[in-house]
Amino acid sequence: VHILLYYVVVAAIFCFFVGILFKIGNAPFHLWMGDVYNGGSLIFITYLAIIPKIAISYFFIKVVSLYF
């Protein structure tokens, strides 16, 4: 039972980090970022591209440095 719980926790951590990398547009997820930003105004796209990436990059660095 404990070994199964270990694999579930590892899978959850992996999914968490994949979600974070997807949000900041890291490879290979950067291929979809052009579709997301297509057709918007420059101000909105600049905000959408920069602010969440800075915040999530900071959060990612804090989590990795705290637990690893």
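**Labels and cut-offs**

Tutor: The largest pocket has 7 nonpolar, no polar and 2 charged residues in its lining. Ala, Val, Leu, Ile, Met, Phe, Trp, Tyr, Cys and Pro count as nonpolar, Asp, Glu, Lys and Arg as charged, and the others, Gly among them, as polar. This is a predicted model: local features need pLDDT of at least 70, side-chain atom pairs count only at pLDDT 80 or more, and totals for chains, interfaces and linings use all residues. Residues are numbered from 1 along each chain, and side-chain values use heavy atoms, without hydrogens and water.

Student: Which residues line the largest pocket?

Tutor: Phe-22, Lys-23, Trp-32, Met-33, Val-36, Tyr-37, Leu-48, Pro-52 and Lys-53. Helix H1 (2–24), helix H2 (33–37) and helix H3 (42–67) each give at least two of the lining residues. Helices here are DSSP runs (H or I, at least four residues), numbered from the N terminus.

Student: Why is Ile-54 called exposed?

Tutor: Exposed means over 50% relative accessible area, buried under 20%, partly exposed in between (1.4 Å probe, protein chains only). Ile-54 has 54%, so it counts as exposed. Ile-54 lies in helix H3. Its C-alpha atom is 8.2 Å from that of Ile-24, 30 residues apart along the chain.

Student: What makes Val-10 partly exposed?

Tutor: Its relative accessible area is 38%, so Val-10 falls in the in-between class. Val-10 sits in helix H1.

Terms used: 1 Å grid on protein atoms, 1.4 Å probe; cavity = no way out; pocket = protein on both sides within 12 Å on 5 of 7 lines; lining within 4 Å.
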